[in-house]
Amino acid sequence: MVIFMSTIHTIEPRKVFHWFYQINQIPRCSGNEKRISDFLVNFARERNLEVYQDELYNVIIKKPATPGYENAPAVIIQGHSDMVCIKGEGSNHNFDTDPIEMIVEGDILRANNTTLGGDDGIAVAYGLAILDSDDLKHPAIELLVTTREETGMDGAMALTGEHLSGKILLNIDSDEEGVFLVSCAGGANQIVTFPLKKEKKRGTGLKIKVSGLKGGHSGMEIVKQRANAIKLLARILDQCRDKVTLAKITGGSKHNAIPKEAEAVVLTEDLEGTVRIVESLAKELKEEYRVEDSGLTVTVTEVGVEEVFLKQISNDVIDFLMMTPDGVQYMSKDIEGLVQTSVNNAVVEEKEGRLVVTISLRSSSESSLREMLNRVALIAKRTNGMAKESNFYPAWEYDDKSEIRKTAVRVYEEMFDKKAKLTAVHAGLECGVLKKKLPDVDMISFGPNLYDIHTEKEHLSISSVERVWRFLIRLLEEIK
């Protein structure tokens, strides 16, 4: 049986879902956070709570400690107000004007063929529920709600520490109950450009296309060692470089996605010989990736060519794509099974008379990240390209002396009689940015069970939200 929105007001914890409902009445796609930010400011003013709002619509709301907790360290409860706005086929939802239509199905809360906004509206709802309660015991609370997290953590990047005095930060932006994140990767992009000098050369060429790969998130899926379409294409071009000259090359779509497709157009005077080389290597690649990428396909099609890269530039590009590292580089020595450092050859595209290659790098070690950035820059220099760093975000490095980690684990295991899991994520979290700005703040990240995040199938577990609410209340009581 499907029950629509009104029942969200009757499910527990009612205070949390009340505020989640209110949040989801306000359109809040990344970059469109003014209304939700103003809503938070009005919430604070209506309750005579101290509030600060900055130019990027980050909001900080402060609530004093309850009796007996005046000397306890202040706690920052942190989440982000923006959401990824995705709708399914056939949906008429307008994310600029329409509230999220929510549906309760047993223990599941989902939206009507759109993203739900649980990531990270649930953190904001927890924070508002605490600020709106007068029957909880807690230290001084600073609710920090950042913006544009989903598009580059811009809000956290712009934040200054002058309005925050908390010594403990609880980031509620994780999606698996009982799993506590204690570290995350930092990262940056190396943007490598090659001048595209071309010459007129007409003839019959070949379009070589690599497709059918799984791809995936370049942080979360990199450990699975899936094929990278750009790197496979580079291997093919390298094998037949003496017979071909590049006329065009493209691949990938986003800096944080493992490329699923890539293609090149080449001019060759030996069509049959080139095709034999490509087809032979394609068989080997399919065998090599038969486990992780069984759908790998390499197609070769005859096409007309009007102009090509100068031969030196063609060779430089192939050399660069062959030599750049890709995939897992180092594994963590602190957390078993965690990738420490990785590289993703993300995008190849033509822009304004240049060939632009975006290399995305991640590491939980800043020195290791710097090593890989320098390595890519050196390879670019040796192949007559120009490298420029962009989109740097810092790592949140593991703190073996963290007291909030010890307290959170103890409270969770006492409450639920099961082992807590400590882990890290090979992707960026706002904790990394905030730790750089608040170096003396002790941090941990957790949250309720959310599923299919960033898709129209996103949903959360109602009972998990309730358990994490009880855990959060108890954790605040234990901070003295």
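Helix 9 is followed by aspartate 417, whose phi is positive, near 55 degrees. Helices (H or I, at least four residues) and strands (E, at least two) are DSSP runs, numbered from the N terminus. The model is predicted: local features need pLDDT of at least 70, side-chain atom pairs count only at pLDDT 80 or more, and totals for chains, interfaces and linings use all residues. Residues are numbered from 1 along each chain as its sequence is written, and side-chain values use heavy atoms, without hydrogens and water.

Helix 9 spans residues 403-416. Its 14 residues reach 20 Å from first C-alpha to last, close to the expected 20 Å (1.5 Å times one less than the number of residues). Buried residues (under 20% relative accessible area, 1.4 Å probe, protein chains only) of helix 9 include Ile404, Arg405 and Phe416. Their cover includes strand 7 (168-171), strand 18 (421-425) and helix 11 (462-478), through contacts (heavy atoms within 4.5 Å).

Glutamate 149 sits in the loop between strand 6 (141-146) and helix 4 (154-158). Glutamate 149 is buried but has no salt bridge (a side-chain nitrogen of Lys or Arg within 4 Å of a carboxyl oxygen of Asp or Glu). The nearest side chain of opposite charge, arginine 28, is 9.9 Å away; Lys and Arg count as positive, Asp and Glu as negative, and His and the chain ends are not counted. Beyond its neighbours within four places in sequence, glutamate 149 contacts His80, Asp82, Asp173 and Glu430.

Notes. Buried < 20%, exposed > 50% of the residue type's maximum accessible area, 1.4 Å probe, protein only.
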